[in-house]
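Student: I would like a close look at one part of this model, namely its salt bridges and how they relate to the rest of the fold. Please take me through it step by step.

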Amino acid sequence: MEITQSSTILFRNTMRITDGHLDGFRRAIAQAVAFAQEHGPQLMVEVFIDEERMLAHSFQLYRDSDAIRAHWRLSDPYIREVMEHCTVQHFEVFGAPDHDIVAALKTPDGESFPFVVSPRLVGFNRLGTPGLGESHS
């Protein structure tokens, strides 16, 4: 099914792991993802690590801006724990988040980690519940 309108938002977070913190980062991110899997609103979370360059890449897919707000409320302690072991090198937002979501990426003095927002052009997903009302033989 082609989706012509979509409220989904994809985050891509590139983090630089602090020297000497690789094991702590691994533990903290594993706990954060386990918590998100159990309690979070994300449709998908994937984390990839480049140990040679001490970089990690996190991808999170949300249904809409409300799901992002819920994630931030629920996961703050886990996010803080992860951030003890890394810094955000670059943050990308794909989709059209509400203005308050974009504003929250900036600190009160207007400074922030580098981020960009790229509006959606076209696409589809297969994340919906398959087979509703259909029989599978």
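**Salt bridges and their surroundings**

Tutor: In this predicted model, Arg 12 and Glu 92 form a salt bridge in which the closest N and O atoms are 3.0 Å apart. Arg 12 belongs to strand 1 and Glu 92 to strand 4, which spans residues 86-94, so this pair ties together parts of the chain that are 80 residues apart in sequence. The two partners can also be described by their accessibility: Arg 12 is partly exposed, with a relative accessible area of 27%, whereas Glu 92, at 15%, is buried, the cut-off for that class being under 20%.

This bridge belongs to a total of seven salt bridges in the structure. Another of them joins Asp 66 to Arg 69, with 2.5 Å between the closest N and O atoms. Both residues lie in helix 2, which covers residues 65-83, and because they are three residues apart there, about one helical turn separates them. Arg 69 also forms a salt bridge with Asp 100, where the closest N and O atoms are 2.8 Å apart. This second pairing of Arg 69 links distant parts of the chain, since Arg 69 sits in helix 2 while Asp 100 sits in helix 3 (residues 99-104), 31 residues apart. Asp 100 has a relative accessibility of 38% and therefore counts as partly exposed. Taken together with Asp 98, the residues Asp 66, Arg 69 and Asp 100 are linked in a network of salt bridges.

The largest nonpolar core has eleven residues, among them Met 15, Ile 17, Leu 22, Phe 25, Met 54, Val 82 and Cys 86. Two elements, strand 1 (9-17) and helix 1 (22-39), each give two or more residues to this core, and helix 1 gives the most, with five residues.

Leaving aside neighbours within four places in sequence, Val 82 is in contact with Met 15, Phe 25, Ala 28, Ile 29 and Ala 32. Apart from this core lies another, of ten residues, which includes Phe 11, Ala 67, Val 93 and Leu 105.

Conventions:
Residues numbered from 1 in each chain as written. Predicted model: local features only at pLDDT ≥ 70, side-chain atom pairs only at ≥ 80, totals over all residues. Heavy atoms only, no water. Core = buried A, V, L, I, M, F, W, Y, C linked by side-chain atoms within 4.5 Å. Buried < 20%, exposed > 50% of the residue type's maximum accessible area, 1.4 Å probe, protein only. Helix = DSSP H or I, 4+ residues; strand = E, 2+ residues; numbered from the N terminus. Contact = heavy atoms within 4.5 Å. Salt bridge = Lys/Arg side-chain N within 4 Å of Asp/Glu carboxyl O.
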